[in-house]
Amino acid sequence: MKKIAVFGKPGSGKSTLSKKLASETGIALYQLDSMLYQKNGEQVSHEGFEARHDQILASERWILDGMGLLGSFNKRLEAADTLVYVELPYLTSYWLVTKRLLKGLFIKPEGWPDGSSVLKGSLQSYKFLKLSPKFWNDNFLKRLESMSEDKDVYVIRSVKELNEFVRAKA
């Protein structure tokens, strides 16, 4: 594992898993939400994001956490040697977004972009969760399975698997 892409629905524990994986492996972690937004909460330019993303992909070792822009997501899937898809049940993801929102009223969530509103971000997460079945579906899983011939592909389907993943892989 040298080039690791971690992705899945909002509120699925990707950032927590990625942070633990980076800590255990010593591989640099790049959280895409932090790359997409400036410190004042405004989105960076598409060109600026793509340039930074491509620079990371060209490096020897990385962990990229999140979705980012669709074009960059597809590049990341191709460039990675390890794909970690966190596919928790929808009710679990809704609960984790709600938990993050409630905790975020007091403490900035892990991996949350500086200057970004936790309330607005949580509302966006709920919106994306509602739309997620259009993207995170059986066709997407089949696409991942087809990539497993030349990549390590992991699909995490429970909080227990999420918690055990780093211990098993580090």
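**Exercise 1.** Which residues form one aromatic cluster?

Solution. The model is predicted: local features need pLDDT of at least 70, side-chain atom pairs count only at pLDDT 80 or more, and totals for chains, interfaces and linings use all residues. Residues are numbered from 1 along each chain as its sequence is written, and side-chain values use heavy atoms, with hydrogens and water left out. The cluster consists of Phe7, Phe73, Tyr85, Phe135, Trp136 and Phe140.

**Exercise 2.** Classify the ring pairs Phe73–Trp136 and Phe135–Phe140.

Solution. Step 1: rings of Phe, Tyr and Trp (its six-membered ring) pair if their centres lie within 6.5 Å; planes under 30 degrees apart are stacked, over 60 edge-to-face, the rest tilted. This rule gives 14 aromatic pairs.

Step 1: the centres of Phe73 and Trp136 are 5.9 Å apart and the planes stand at 85 degrees, so this pair is edge-to-face. Phe73 belongs to helix 4 (residues 70-79) and Trp136 to the loop between helix 6 (118-131) and helix 7 (138-147), so the pair ties together parts 63 residues apart in sequence. Helices here are DSSP runs (H or I, at least four residues), numbered from the N terminus.

Step 2: for Phe135 and Phe140, centres 5.4 Å apart and planes at 35 degrees make the pair tilted.

Note on methods
Helix = DSSP H or I, 4+ residues; strand = E, 2+ residues; numbered from the N terminus.
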